[in-house]
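Hello,

Here is the structure I said I would pass on to you. Have a look through it first, and my notes on what turned up follow just below.

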Amino acid sequence: MITTITIFFPLLGAILLLLLPEEERPLRYAALAVAAVPLLLTLYIYFAYGSGLEVPSLTQDFTWIGSLDIGYRVGLDGLGFGMFFLTALLTLIAVVASYDVRENLKQYFAILFIAEVGMLGVFASEDLILFYIFFEITLIPMYLLVGIWGDENRRQAAIKFFVYTFLGSTVMLAGFLAFGILAGTYAMESLTSGGGLGRTAQIAVAAPILFGLLIKVPAVPLHGWLLDVYVSSPISTNVVLSGILPKLGTYGLIKVAIPLLPQGVQPFLPYLAAFGVINIVYGAFVAFLQPDLKALVAYSSIGTLGFILLGAASGNAVGLNGAVLQQVTHGLYSALLFVLVGVIATRTGTRKVRELGGLAARMPWAGGLLVLGAMAAMGLPGLAVFVSEFMSIMGGYDAFPVQGVLAALGIVLSAMYLLYMLARVVFGPVERPAYEAVEDAGPMEMAAAVPLAVLLVLFGIFPALLVSVQRPGVEAVISAIGGG
Amino acid sequence: MVTGLTFVALLPELVAVGFLILVLMVGVFFERSIGLVAGLAALGALAVFGSAAGLLAAGFSGEFFGGGFVVDNFALYFKLIVAGSAFFAVLAAARWSGGTGDAPEYLTLILSVVLGSILLVSMRDLFGIFLAIELATIPSYAMVAFDRKRRESAEGGMKYLITGVVASSVLLYGIVLIYGVTGSALLSDVSQTFSGSLTPVALLGLVLLLSGFAFKVSAAPFHFWTPDAYQGAPTSAAAFLSVAPKAATFAVLLRILLEGMPEARPTWTAVMAFLAILTMFVGNLAALRQRNVRRMLAYSSVAHSGYILAAFAALQGQATGQAVEAVLIYSAAYAVMNIGAFLVIDLVGEDGKSFNGLFRTRPALAASMGVFMASLVGIPPFSGFWGKAWIIFSGAQSGSVLVYVVVGALVVNSVLSVPYYFGIIRNMFFEKPTLDAAEPPGGGALKFSVYVLALLTALFFLLIVPISALAGGSGLG
């Protein structure tokens, strides 16, 4: 029951917000309150049930359509909990960071919360059709967030986003439908290890599902929609867009594709690992070439998603644990970087890396946090991303040595462009006289950035806080693969 | 033998007749008080709805008039759809017909179509079916041509009339041939003729019958009257006619095929598959090129007829029950989203550009239209998704390669339809307002209808379980 309440509370919040009068301050406080509730509920779940998420817990299960065995089935297991928590957290951060949204604020929050319902729902779904429905519920809100509140290029960006991801999810649905009809049920629990399907059938079903999920990630070369969307969005949308949305795809791999269709996915795994490496290397190189700070962060973000693909493809405990953890740590660091890009862009009036410089002197807090975020992005030990990337590479190397080695090289590449970026933007001479007068991040901006930074450090020192929760879920995946 | 029970069975029809006469008479004496007449007509639609719902709740069923008239869950369900659609059409008509002074006549026409449609879904006799179809269709010609101030209305009405009369003659000829072979027009007797190998005359009758029905449900290549008729018609007429009589026609076609000619299934499922594919593509490809929203929705209704025909193609083997469910679910899902979409036109305008920036000037209306458009594409959790999902489920269970092709075409067409439905969403949400923000006065009932329909479209998933339970006990399939 608590799972269902957490998922649908934001919907209630959205409706309540729409009934409020059009006054800015009360609206923002109300939105903060709405966003805080799911986060508090997930924290409660963590402390009360966190150690016992071997099998989906806190479940609710009622059969919806008996003849097809479709049901409203939700529950939380170790695989989903981390992202469930991160969704609640980043939505709250997005609300805090929404200072750049001024028009139609009420509607902005309402749409954001509807997207949150879909995202929370995906990470708690225990039924394929329900998974698809929640997956698709995020589509229109994100399309509207980008298309209404984005910059000049927003229309084109929103349409690209819609066309790519709608195509992807439709293909994925075709795979799901075929799977359910062949197996006679849509309950994930009964479908574990293939639900009785033979190898050929599994491959035929897995191919469309993988295609749909990889578009959502996006895996290079299916990333055509990404840059415009990331660059055009308002900062608070970026937080959700980069932190949560790609994980709908990667979580689908880890929760649906791999354990439910182990034999079907198996021939694709080397390619999946290779996709991971391509993401890492391509992301790093292209990020290096970006003149725009926001685009740089966007490519950095899809680059490090590659580690999730690599770890997931490894099929061993270390790699899968790394992948599941990377989903969370990636969300933390990319959200932090986007928030800081927003701070810098509003203060200096530019996002061009070349035009920035010497911000450390004038903006010690923002500059310092940017250094921390970039350090996290390059996988420096002591910060959370290090743990997850390291585990993904270890697991990946075990299964696919070549891909593992190349991925490790990718870390070096990412260090290269991130250090270059830091040297230009934070350190170095003050580029323009105008920058002498810029002010440091304000209280709201700090409130958005600091919690992310703290969590990056905390999970870097105590990764067990998350790993202990997710481990049973990963073990279930391993046994599903073994049993297939 | 007419007993008291017969009157109970005919309750929705009798209520409709009563209100029809009442509206006409009150209209004569209170010509100026449109609110009164419209209220009475809306009450009539609700009364029909209520009486059908009551019979459904009481589990009433039976055959009357020598088996020619049947009351079962299936028929009652479609009576609900027709009466519900009529209710919203009346609310929408109240505002529009205010200018002409002919409101009572227009509302009477709506109730006549209701009467024809609810009779139609209970008919089990080919001639009765023909009469009921005509009873529903003839007033609808007048409804389309009712907007005397616009030339398109007369043009649309004329085209509709001419093609409709041709379609009726074709249908009647088909019925006569089948009657000639069988010696009876009752569906139970017809099924005797359509067992074993078909005689050429019976086959010709079947083909003519199906062609007539294809006209009535605007299936390609018999669809060409649709865009002109719906573009010319008053909005409430287009909204109502594209949903209620069409759903009733689909329902009775389902009854004819399943009860009257189950043995000829291989023949008519193949015809349906062909019609479905053609209709989907024709409707969507034409809709893509439209700038006028009304015309776009007219072509969209052609495409949606194609989707429902896909369910007819899946009426075979173990998928039959599922396919019947699909027709039931799709009819209701389409009714709520399509009436809603048409009604928004009356509040905003029929040019695509008039939707620009609606989100900023009238956010609730924009959100409702957004729901209708997303639902017409088939995005979950809205009603259109469930309709399409059921068709795909039933198609996948049919085990026939031809049906797989039809289902594939349905998926392709759903993606194909994204640009024109989402063009409206883009205009509403992403563009700057071009019209002044001042909202035209009035239209309270219309806005109420739009919001209720948007809510029904969004919460349709709650209705799935009762509908599919009802289909299980429908007696068909």
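A helix here is a DSSP run of H or I with at least four residues, and a strand is a run of E with at least two, each numbered from the N terminus. Counted that way, the secondary structure of chain A comes to 22 helices and two strands. Please keep in mind that this is a predicted model.

Let me start with the overall form of chain A. The C-alpha trace spans about 70 × 55 × 40 Å along its principal axes. For 484 residues, a compact globule would have a radius of gyration near 23 Å, and the 21 Å of chain A agrees with that. Of the 484 residues in chain A, 63% are buried. Among the contacts in chain A with a separation of 6 or more, 80% are between residues 24 or more positions apart.

As you know, two packed helices are described by the angle between their axes and the distance between the axes. In chain A, helix H11 (residues 235–243) and helix H16 (residues 317–348) have axes that come within 8 Å and cross at roughly 160 degrees. Angles over 145 degrees count as roughly antiparallel, so H11(A) is roughly antiparallel to H16(A). The crossing of H11(A) past H16(A) is right-handed. On the H11(A) side, the residues that meet H16(A) are Ile235(A), Asn238(A), Val239(A), Ser242(A) and Gly243(A). Their partners in H16(A) are Gly331(A), Ser334(A), Ala335(A), Phe338(A), Val339(A) and Gly342(A). By type, this contact has five nonpolar residues, six polar and no charged.

Ser236(A) counts as buried because it has 29 C-beta neighbours inside 10 Å, where 20 or more is the cut-off. Apart from neighbours within four places in sequence, Ser236(A) is in contact with Ala94(A), Ala97(A), Ser98(A), Asp100(A) and Val101(A). Tyr333(A) is 97 residues from Ser236(A) in sequence, and their C-alpha atoms are 14 Å apart in space.

Finally, the contact between the chains. It takes 23 residues from chain A and 21 residues from chain B. On the chain B side, the helices that each supply at least two residues are H16 (358–361), H17 (363–377), H18 (383–397), H19 (401–416), H20 (418–430) and H22 (464–472). H20(B) gives the most, with five residues. The side of chain B that touches chain A divides into 17 nonpolar residues, two polar and two charged.

Note on methods
Residues are numbered from 1 along each chain as its sequence is written. Chains are lettered from A and ligands numbered from 1 in the order in which they are written. This is a predicted model: local features need pLDDT of at least 70, side-chain atom pairs count only at pLDDT 80 or more; totals for chains, interfaces and linings use all residues. Axes are lines fitted to C-alpha atoms, for helices over the stretch in contact, and angles run from 0 to 180 degrees between N-to-C directions. Angles under 35 degrees count as roughly parallel, over 145 as roughly antiparallel, 65 to 115 as roughly perpendicular and the rest as oblique. A crossing is left-handed if the near helix is turned anticlockwise from the far one by less than a right angle, and right-handed if clockwise. Two residues are in contact if their C-beta atoms, placed from the backbone, lie within 7 Å. Ala, Val, Leu, Ile, Met, Phe, Trp, Tyr, Cys and Pro count as nonpolar, Asp, Glu, Lys and Arg as charged, and the others, Gly among them, as polar. A residue is buried if 20 or more other C-beta atoms lie within 10 Å of its own, exposed if 12 or fewer, and partly exposed in between; C-beta atoms are placed from the backbone. The radius of gyration is taken over C-alpha atoms; the globule rule is 2.2 Å times the number of residues to the power 0.38.
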